[in-house]
Amino acid sequence: METVRLSVYRHDPSVEREGKYVDYDVPKEEGMVVLDAMKYIEKHIDPNISLRWNCSAGKCGSCSAEINHRPALMCKTRVDSLKEGKITVSPIAAYPLIKDVVTDVSENWALLKRIPKFTPKEGLEKPWKMSQVDIERSKEFKKCIECFLCQNVCHVIREHDTDYFGPRHVVKAASLDMHPLDALDRSEFMNRDAGLGYCNITKCCTEVCPEEIHITDNAIIPEKERAVNAQYDPLAMLIRSRRNRSGRK
Amino acid sequence: MSYMSSKYIKHETDVLIIGAGGAGMRAAISAFDAGARVTILSKSLLGKAHTVMAEGGIAAALANVDSKDSWEVHFSDTMEEGVYISNYRMAELLAKEAPERVRELEEYGALFDRTPEGTIMQRAFGAHTYRRLCHVGDRTGLEIIRTLEDQILHRDIKFFDELYVTKLLKDGGRVVGAVGLKLNTGEFYVFSSRAVIISTGGCGRIFKVTSNSWESTGDGLGLAYEAGAELMDMEMIQFHPTGMVYPPGVKGLLVTEGVRGEGGILLNSQGERFMQRYSPKKMELDARDIVARANYAEIMAGRGTIHGGVYLDITQKGPDFIKKKLPSMYKQFLDFAGVDITKEKMEVAPTVHYQMGGIKVNPETTATNVPGLFASGEVASGLHGANRLGGNSLADILVFGKRSGDGASSYVKGVSPGKIDESTVSAEIERVEAFVGKDGLNPHEIAEKLAESMSENVGIIRNEDNLRRALKTIADLKEPSTRAGVQGGLKYNKGLLQALELSSMLTAAEAIVRGAIERKESRGAHARSDYPKKNPDLRKNIIYTKGGNEMKLEWREVPRIPDELKKLVPEEVY
């Protein structure tokens with residue numbers, strides 16, 4: 001039987017100082033994805049391997065990993081799309097390791113809590129009316145499945161210790177800001193508190209998004225532009241200075 | 001409030017919610033808004049629950065597209081499709097309250113597709129009289145989850161994700177908490193609560209071929225059953241007519257009814273449009289059970305495809321139309337199967353999709369027969385009867401999710417915290433730990449044997465011999481399931497998790513099979529080749545309870561429908 005060799009990162013940080021790659025040979029099936037091979041290891045070779053997956057259909061964003069050192073969803077990476085030789089599977093590097101290929105992504109919930117929530121304009125007549133054209137921009141961002149691959153490739157997050165929330169969270173802010181009936185503008189918050197200024201638009205996040213959201217062009221750049229406009233708009237500056245004088249924030 | 005003992009972390013709350021899909025999250029919001037302290041637990045990461053996979057939409061009689069629609073028609077459709085064993089009051093509440101729940105979701109920030117007038121768009125779906133499904137393209141479930149998640153995160157609701165509850169705790173007759181294992185840390189938790197809501201979803205994973213995601217192992221069914229709750233209608237399992245068959249990794253994955261809604265036709269390997277023989281009038285758009293059985297019959301008759309399905313063909317609509325109307329199906333087939341559905345036919349076959357039965361609840365409050373225990377969503381029963389209408393499950397989780405939050409928060413006002421029995425907690429922790437760090441039977445192999453037997457013997461058309469065979473498999477696996485063993489520790493040990501899931505999976509499977517043997521007729525999703533007719537004497541519900549060492553089954557009359565509601569529903573035909 002034809003087999004495929006996987007080299008999987010195994011490490012329990014609470015027990016071992018360092019991890020190691022362990023090779024597994026898995027029977028190859030037609031149309032097999034990397035997650036199928038990992039599930040085979042879990043079921044038939046080592047039930048103790050830690051693996052996170054839910055829908056196995058590209059809809060939940062649970063099985064993020066680095067496959068041959070490139071961030072991807074295991075459930076959507078076909079084995080036959082990878083070059084010959086063994087396939088390495090390792091955890092996404094931007095987050096603390098729990099065990100093997102599973103990481104702790106919980107800091108994202110803490111960040112999401114800080115982004116001001118959807119706040120409808122006052123005095124809207126019910127039921128609400130919106131046109132399809134007006135909801136399309138926000139809908140693009142709502143495709144996000146929170147796989148956090150964009151966070152993983154973001155070099156600001158990987159290599160620098162800043163307060164930048166990361167691409168996922170800019171997408172979240174943009175999805176709310178571009179809601180036709182939302183009353184807030186989160187760009188100032190994103191700039192001031194969420195470190196948006198650190199992003200130098202290298203577009204790495206856009207390249208890895210499995211939902212093909214144009215993160216940089218459609219979310220990050222517009223949020224940056226709005227923040228800058230608000231900062232340097234003479235009228236806005238005047239209003240801000242008055243507010244500050246009257247002691248309000 | 002949390003504090004640690006040597007063995008576990010203790011956490012106190014008013015309302016404990018097990019499960020963070022649509023129903024659990026909606027319950028958390030209403031319980032919190034009613035003033036209760038709320039804690040919500042999730043087996044997977046927050047926001048990954050099976051609800052994200054829902055595609056078609058939420059059924060709600062807003063009458064935005066078809067002005068003749070009303071709650072009365074939605075009620076009637078639901079009762080008729082449930083083949084007259086639904087709880088009329090649940091169907092009535094669903095039909096009346098779904099529109100309000102949809103508008104409220106919009107006020108929480110959900111963005112539904114719009115009509116040209118700017119109101120919420122509604123689409124047609126099988127067996128709904130009018131166009132009724134409010135939707136967000138084909139990602140309605142994702143929108144619900146993300147919207148509710150946002151609401152949870154911006155309230156002071158405690159959540160623990162990747163936490164698996166292994167046992168409910170009782171003080172005398174009432175439920176007062178739960179024991180669980182936090183998978184990502186390997187720590188035990190003991191929750192002391194005045195009420196518990198179970199919203200854990202279905203049990204599709206006890207079948208080999210299912211559209212259900214990883215979590216759906218019937219956990220809540222097992223917890224409630226062990227705590228003395230009544231289950232109902234467990235024999236009713238819905239098969240969706242069209243699941244993917246190839247490649248193996250995605251076998252069972254849903255192919256939305258929308259493909260047929262947009263003009264897709266079903267063909268056998270001889271190129272025949274076989275629905276002409278099964279349903280000449282409604283063709284591919286007949287009810288789910290009829291289309292599913294037709295697909296199955298063609299495959300069984302040797303007219304299936306090479307991978308064991310039938311063909312679903314929408315190529316005649318052309319690439320532009322398909323990419324616009326069915327974008328995620330286009331992507332799904334291209335990514336997983338390497339099939340371009342604008343040029344090639346899809347291969348599809350029936351797949352286990354939904355559990356109509358579950359924990360028996362009071363329609364007003366979702367309370368079970370066990371004080372302090374509530375249930376909502378797919379794990380609860382009564383609304384869908386013998387068959388579920390597409391779109392009614394998303395309406396269900398919103399309407400009855402809210403009701404369970406209201407019901408539980410109102411209940412806790414009148415009760416004091418219960419006493420947690422330390423010896424029960426210690427025994428439970430020991431039971432869990434006993435699976436770890438040793439050689440034993442491979443839990444995944446036990447689960448696989450169960451799933452294979454269920455798919456082989458408890459399929460879309462059932463008969464006594466096969467059901468007995470499945471029952472024997474279940475009985476034979478019970479004892480080995482307690483001897484499962486896995487190496488490693490408590491932290492993120494999926495083998496351990498599988499070992500723990502086995503008991504609920506076996507309970508769910510046993511109930512389904514025993515009920516299917518007991519119901520000697522064909523009604524809705526339950527089809528028997530040896531009893532192909534519907535029997536008026538069996539227009540009843542089957543109740544399942546834990547009695548001594550074995551499962552007890554009991555026939556119970558369907559609640560009598562008041563005359564003013566009865567006149568809305570067509571008479572049942574035999």
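Predicted model: local features only at pLDDT ≥ 70, side-chain atom pairs only at ≥ 80, totals over all residues.
## Strand pairing in chain A

In strand 5 of chain A, Val89(A) is the bridge partner of Ile67(A), and strand 3 (residues 64-67) of chain A pairs with strand 5 of chain A in the antiparallel sense over 2 bridges. Strand 5 (residues 87-90) of chain A is also joined by 3 bridges to strand 1 (residues 3-10) of chain A, and these two run parallel; here Ser7(A) stands opposite Thr88(A).

Residues are numbered from 1 along each chain as its sequence is written, while chains are lettered from A and ligands numbered from 1 in the order in which they are written.

## Chain A as a whole

Chain A holds 10 helices and 7 strands, and its C-alpha trace spans about 75 × 40 × 30 Å along its principal axes. Of its 249 residues, 45% count as buried, a residue being buried if 20 or more other C-beta atoms, placed from the backbone, lie within 10 Å of its own, exposed if 12 or fewer do, and partly exposed in between. Among contacts in chain A between residues at least 6 apart in sequence, 65% join residues at least 24 apart; a contact requires that the C-beta atoms, placed from the backbone, lie within 7 Å.

## Helix 3 against helix 6 in chain A

The axes of helix 3 (residues 132-142) of chain A and helix 6 (residues 167-177) of chain A come within 8 Å and cross at roughly 155°. Helix 3 of chain A is therefore roughly antiparallel to helix 6 of chain A, a term for angles over 145 degrees, where angles run from 0 to 180 degrees between N-to-C directions and axes are lines fitted to C-alpha atoms, for helices over the stretch in contact.

From helix 3 of chain A the contact draws on Ser138(A), Phe141(A) and Lys142(A), and from helix 6 of chain A on Val171(A), Ala174(A) and Ser175(A). These residues divide into 3 nonpolar, 2 polar and 1 charged, with Ala, Val, Leu, Ile, Met, Phe, Trp, Tyr, Cys and Pro counted as nonpolar, Asp, Glu, Lys and Arg as charged, and the others, Gly among them, as polar.

## The interface of the two chains

The contact between the chains takes 47 residues from chain A and 46 residues from chain B. On the side of chain B that touches chain A, helix 4 (140-153) of chain B is among the elements that give two or more residues, and helix 4 of chain B gives the most, with 4 residues. That side of chain B divides into 17 nonpolar, 15 polar and 14 charged residues.

## Backbone features in loops

A cis peptide bond, with omega about -10°, joins Lys126(A) and Pro127(A), and Pro127(A) lies in the loop between helix 2 (107-114) and helix 3 of chain A. In chain B, a cis peptide bond with omega about 0° joins Tyr246(B) and Pro247(B).

His69(A), although not a glycine, has a positive phi of about 65° and lies in the loop between strand 3 and strand 4 (70-73) of chain A; His69(A) counts as exposed because it has 9 C-beta neighbours inside 10 Å. Tyr492(B), also not a glycine, has a positive phi near 40°, but Tyr492(B) counts as buried, with 24 C-beta neighbours inside 10 Å.

Definitions and conventions
Parallel < 35°, antiparallel > 145°, perpendicular 65-115°, else oblique. Contact = placed C-beta atoms within 7 Å. Pairing = 2+ DSSP bridges.
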